[in-house]
Amino acid sequence: MRVTRGIMRRRFVLLMLGLITAIAALIARLAYIQAVQSPWLTQRAYDLWRRDIPLEGKRGSILDRNGKVLTYTATAPTVIAVPRQVRDKDAAAAKLASVLGMPVQKVRDLLGRNQLLVYLAPGDRRITEAQAEAVRALGIPGVYISEKGKRVYPFGTLAAQVLGITGTDNQGITGIEKQYDSVLEGERGSITLFAQANGERMPDTGEQYVPASDGQDVQLTLDVGIQQFVEREIEQAVAEYTPDRATAIVEDPKTGEILAMANYPSFDPSHWQDFPPNTYNQNLAIWQTFEPGSTFKVVTLSAALQEGKVNLNDRFYDPGYYEVAGHRIKCWKAGGHGSESFLNVVENSCNPGFIALGERLGKETLFSYIRKFGFGSKTGIDLPGEGNGILFKLNQVGPLELATTAFGQGVSVTPIQQVMAVGAVANGGLLMQPHVVKAIVDHETGEVVKTVDPTVVRRVISTQTAAQVRQALESVVARGSGTNAYVDGYRVAGKTGTAQVAKNGRYEPGHYIVSFIGMAPADDPKLVAYIAIDNPHPQDRPVFGGQIAAPIVGRILADSLAYLGVPKSAQGLPKKPRWNDTPMVEVPNFVGMTLDQAKRAALASGAQLSTEVQGKGPYVIWQSPQAGQKVPDGSTVRLYLGNVKPPG
Amino acid sequence: MQRAWEKFDIVIVAVTLVLLGMGLVMVHSASSVISAQKFHDPYFYAKRQLLWAGLGLGSMFTLANIDYHRLRRYAPHIAVLSFLFLAVVLIPGVGQIRGGSRAWLGIGTFGIQPSEFAKLGLILFLSHYLADARGRMHSLLRGFLPPLLLALIAVGLIMLEPDLGQSVVIMGTTVILLFAAGARVAHLAGLAGLGLLGFAGLVAAAPYRINRILAFLDPWQDPLGNGYQVIQSLYALGSGGLVGLGLGNSHQKYLYLPEPQTDFVFAILGEELGFLGCAAALSLFAVLVWRGFRTAMFAPDDFGALLASGITGMIAVQVLINVGVVTGSIPATGITLPFISFGGSSLTLMLTGVGILLNISRQSAYRVA
């Protein structure tokens with residue numbers, strides 16, 4: 001078969017149409033790339049071409065409630081060079097070195113680096129505005145002036161864990177710095193340039209200058225004065241008792257404002273990198289959860305009074321234990337408190353009395369009050385890293401769990417939860433939301449941009465019930481276990497707490513968290529103060545909240561109220577002088593007695609002291625501890641014997 | 001035998017000149033940065049391209065005035081010479097390596113690419129052969145295979161350089177010529193099947209090849225390796241948008257896009273002149289394809305018809321491959337864009353081809369009303 005011209009012509013047409021169709025397809029493909037994909041590709045291409053030189057905004061300050069500056073950012077000019085854009089590196093290095101006071105070789109090395117940006121800084125020293133101006137005047141292409149900020153802390157370590165820390169890029173990492181980072185940081189600016197693939201500047205492209213804007217100031221509810229009292233007390237307690245940890249909070253119960261918050265161990269925010277991470281990562285006051293112990297009895301008491309389950313004048317008999325579901329739960333006082341009123345039950349922090357209140361309430365009611373007081377859920381404080389605490393699930397609560405919960409065991413709570421719960425008693429029954437920020441303030445004008453208003457979470461108990469609970473708590477301080485918190489003229493009401501610490505499901509022997517939560521003045525509390533000391537090692541006292549924690553809260557309240565100018569009052573309950581709270585006895589003088597006399601005297605003292613004899617002879621010539629010292633019930637006194645009766 | 005020749009096909013002349021003009025402008029714009037960088041002379045490539053354009057235009061008008069039948073007499077000689085050069089360029093020390101291929105003969109920066117001349121030489125010879133083979137085209141052994149074998153030998157030599165782009169163009173042009181000459185569709189289908197089998201064999205032998213070949217589908221999988229050029233090319237086209245950034249305003253030519261003046265000049269064209277510029281250039285090529293096959297159809301004899309379709313086919317195949325690569329539509333294959341890319345051999349040979357085409361058009365057997 002011969003190929004005809006006709007066949008060839010038909011094939012020419014086919015080829016022509018085929019090839020033109022293929023070209024048309026490419027045009028369609030180009031339309032897709034250059035119209036549909038164009039915005040996306042353009043964005044990516046710009047990201048490829050642009051080089052951003054960061055400009056930092058000045059971070060806002062953090063102030064106390066009276067405007068005292070707790071931290072601010074000091075900025076200094078910095079010289080930035082884009083090595084690829086500096087053409088004559090030798091000449092540039094020589095000029096820059098003389099202005100900046102740096103070795104020429106060092107500048108030359110920096111300019112020779114294969115990096116997008118290098119910072120030209122003479123050692124750690126900041127450069128002056130005049131130097132920055134001189135660098136600007138040199139007009140070297142590829143050299144720019146930016147600002148770099150550093151946090152400064154005029155009060156040193158004060159309130160470090162509330163303030164928190166910032167990282168090298170000026171970003172908030174913990175505390176207020178993190179919580180209010182977006183307010184404080186302002187907006188980053190930049191100088192945007194277009195670069196060639198080899199890093200040199202693209203010719204005929206301008207630079208886009210986006211100025212940085214400064215951040216706003218955050219004004220805290222903290223009061224530097226009160227914060228200082230609190231930190232002083234923690235320092236002293238640490239020196240005296242060498243505890244593992246300590247936490248203190250002072251709150252204004254009417255508003256939920258936190259006036260002071262401090263922990264031990266803490267850190268120095270200006271060089272936080274030198275401290276263990278848990279010191280700057282954790283704020284114990286809101287993070288740590290532990291068994292509250294007796295301070296929790298405030299909740300049981302409030303519930304029982306609100307529900308009308310008890311009259312404080314009712315009598316109660318404490319044989320030294322309370323039998324629950326076949327178990328005998330002992331009172332902390334061996335032998336019990338005997339017959340007492342329920343007011344005495346509160347004053348004495350008598351466990352059987354509170355177990356009875358718990359039983360009268362029943363588990364549903366007691367646990368509903370516990371939740372209403374804010375336990376088991378976050379308080380919503382404006383700080384990062386808050387703990388929840390743990391409560392029994394209602395279906396797991398048997399008689400035993402109900403009993404222990406009633407006096408503060410088997411629940412796990414945070415310090416801030418306790419403060420807010422007692423704050424509700426203090427302010428007449430309203431659970432407030434705690435906050436540490438009072439206002440956002442414009443950094444330049446000092447104008448208040450936004451204020452944080454007090455937030456009521458819910459009403460927990462009535463005003464009358466709250467007043468009754470306060471009276472009982474005042475009585476605890478005036479006549480009961482909290483007597484060491486007594487402040488003459490300021491009506492302190494409060495409750496002690498001594499909790500054992502469970503580890504691996506067992507209570508650790510000798511490890512206690514002692515606490516005290518107090519408020520004053522009791523008739524119209526201005527402040528609630530709380531302290532907890534974890535694992536104190538006292539030299540000469542037993543580990544009880546009333547002994548260690550109560551006096552600290554007493555001093556914090558006394559100093560703070562005086563500082564705030566709250567007048568003293570004579571309306572309060574008088575202090576009843578006794579060692580009621582703790583089974584402490586005074587050691588009598590045995591020196592000069594015969595051994596028999598001494599033994600008799602030891603029993604007669606009413607204290608259950610045992611004696612131990614050292615040496616030989618008819619007379620006691622020395623004793624340890626010395627006469628007049630207070631020792632716990634049942635302590636041993638060593639008697640040293642000799643042949644010569646000592647004088648006097 | 002000499003009839004009065006018609007005038008030039010003025011459309012072909014106009015389209016060629018416009019494309020050539022666009023090319024000169026774009027080569028200058030695209031190469032200015034790299035020229036300044038490499039040679040401290042922003043006009044380095046532009047000046048040379050201008051020289052080649054002059055040479056090419058001279059060649060074009062010369063050949064437009066030489067009766068193409070006279071070329072047929074020398075077709076075997078030209079073919080032999082082409083193959084000789086393809087072999088000589090492979091000798092180390094004689095052929096120069098540029099861009100990884102031993103493909104250049106010459107001194108210094110001026111060099112010629114034997115493969116460019118071989119393309120035209122092969123088209124000339126195959127047209128000559130096939131014009132006489134109309135009675136044998138149904139035969140596999142006597143009609144179809146001999147020209148195919150000749151093309152495969154050329155491809156084999158070029159693949160030793162190696163230069164995949166030129167090989168693909170030669171195969172594409174050969175297939176177009178065979179089809180135009182009336183080869184049986186079954187033979188062509190068989191060839192396609194063999195090609196696929198060979199491809200499958202290569203992939204089976206080294207499975208990593210499939211990744212490299214398919215990299216064009218998603219260049220962002222390997223943005224700094226196989227995908228780099230395509231991504232940079234797409235950035236250029238995409239940021240050009242509909243109307244472009246304006247002549248001379250490309251960003252991608254600032255060393256982001258490699259070889260902006262040769263294989264990827266169309267990307268810079270798309271960045272500076274936008275979709276409108278791209279569509280205009282491609283439309284001009286489409287017009288050229290139309291006029292080229294029109295010339296083939298009205299050619300006074302089979303040799304002229306095949307020669308015209310071969311030259312037009314070569315131009316079209318190069319346009320399709322080049323723009324296909326630049327738009328990320330086909331796997332990366334290096335080939336110049338006719339009349340526009342920088343390159344002496346390519347440009348002069350393309351213009352020479354157009355000259356031949358013009359001469360064929362002047363001898364149209366039919367007047368078209």
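## Overall make-up

Helices are DSSP runs of H or I with at least four residues, and strands are runs of E with at least two. By that count, chain B has 12 helices and 3 strands. Chain A has 20 helices and 26 strands. The model is predicted.

Chain A has 648 residues, and 52% of them count as buried. Its accessible surface is about 28100 Å², with 50% belonging to carbon and sulfur atoms. Among contacts in chain A with a separation of 6 or more, 72% join residues 24 or more positions apart.

Chain B has 369 residues, and 58% of them count as buried. Its accessible surface comes to about 14500 Å². Carbon and sulfur atoms hold 70% of that surface. Residues 24 or more positions apart make up 72% of the chain B contacts with a separation of 6 or more.

## Helices α12 and α15 of chain A

Two packed helices are described by the angle between their axes and the distance between the axes. In chain A, helix α12 covers residues 297-306 and helix α15 covers residues 363-372. Their axes lie 10 Å apart, at an angle of about 115 degrees. The crossing of α12(A) and α15(A) is right-handed.

Which residues of α12(A) and α15(A) meet? From α12(A) come V299(A), T300(A), A303(A) and Q306(A). From α15(A) come L366(A), Y369(A) and I370(A). This contact has 5 nonpolar residues, 2 polar and no charged ones.

## Helix α16 of chain A

Helix α16 of chain A spans residues 399-406. Its buried residues are L402(A), A403(A), T404(A), T405(A) and A406(A). They pack against helices α12, α14 (351-361) and α15 of chain A. They also pack against strands β12 (321-324) and β13 (327-330) of chain A. Just after α16(A), G408(A) takes a positive phi of about 95 degrees.

## Helices α5 and α6 of chain B

Helix α5 of chain B runs over residues 140-159, and helix α6 of chain B over residues 164-180. Their axes come within 9 Å and cross at roughly 170 degrees. Angles over 145 degrees count as roughly antiparallel, so α5(B) is roughly antiparallel to α6(B).

On the α5(B) side, the contact is made by F144(B), P147(B), L148(B), A151(B), L152(B), V155(B), I158(B) and M159(B). On the α6(B) side, the residues are L164(B), Q166(B), S167(B), I170(B), M171(B), T174(B) and L178(B). By class, the contact of α5(B) with α6(B) has 12 nonpolar residues, 3 polar and no charged ones.

## Two residues of chain B

I158(B) sits in helix α5 of chain B. Is I158(B) buried or exposed? I158(B) is buried, because its relative accessible area is 0% and the cut-off for buried is under 20%. Leaving out residues up to four places away in sequence, I158(B) touches L86(B), S115(B), D163(B), Q166(B), S167(B) and I170(B). L86(B) is 72 residues from I158(B) along the chain, yet their C-alpha atoms are separated by 6.9 Å.

R291(B) is found in helix α10 of chain B, which covers residues 265-297. R291(B) has a relative accessible area of 11%, so R291(B) is buried too. What does R291(B) contact, apart from neighbours within four places in sequence? The partners are D9(B), V11(B) and I12(B).

Note on methods: Residues numbered from 1 in each chain as written. Chains lettered and ligands numbered in written order. Predicted model: local features only at pLDDT ≥ 70, side-chain atom pairs only at ≥ 80, totals over all residues. Heavy atoms only, no water. Buried < 20%, exposed > 50% of the residue type's maximum accessible area, 1.4 Å probe, protein only. Contact = heavy atoms within 4.5 Å. Areas by Shrake-Rupley, 256 points an atom, 1.4 Å probe, with all protein chains shown as cover. Axes fitted to C-alpha atoms, helices over the stretch in contact; angles between N-to-C directions. Parallel < 35°, antiparallel > 145°, perpendicular 65-115°, else oblique. Nonpolar A, V, L, I, M, F, W, Y, C, P; charged D, E, K, R; others polar. Left-handed = near helix turned anticlockwise from the far one by under 90°.
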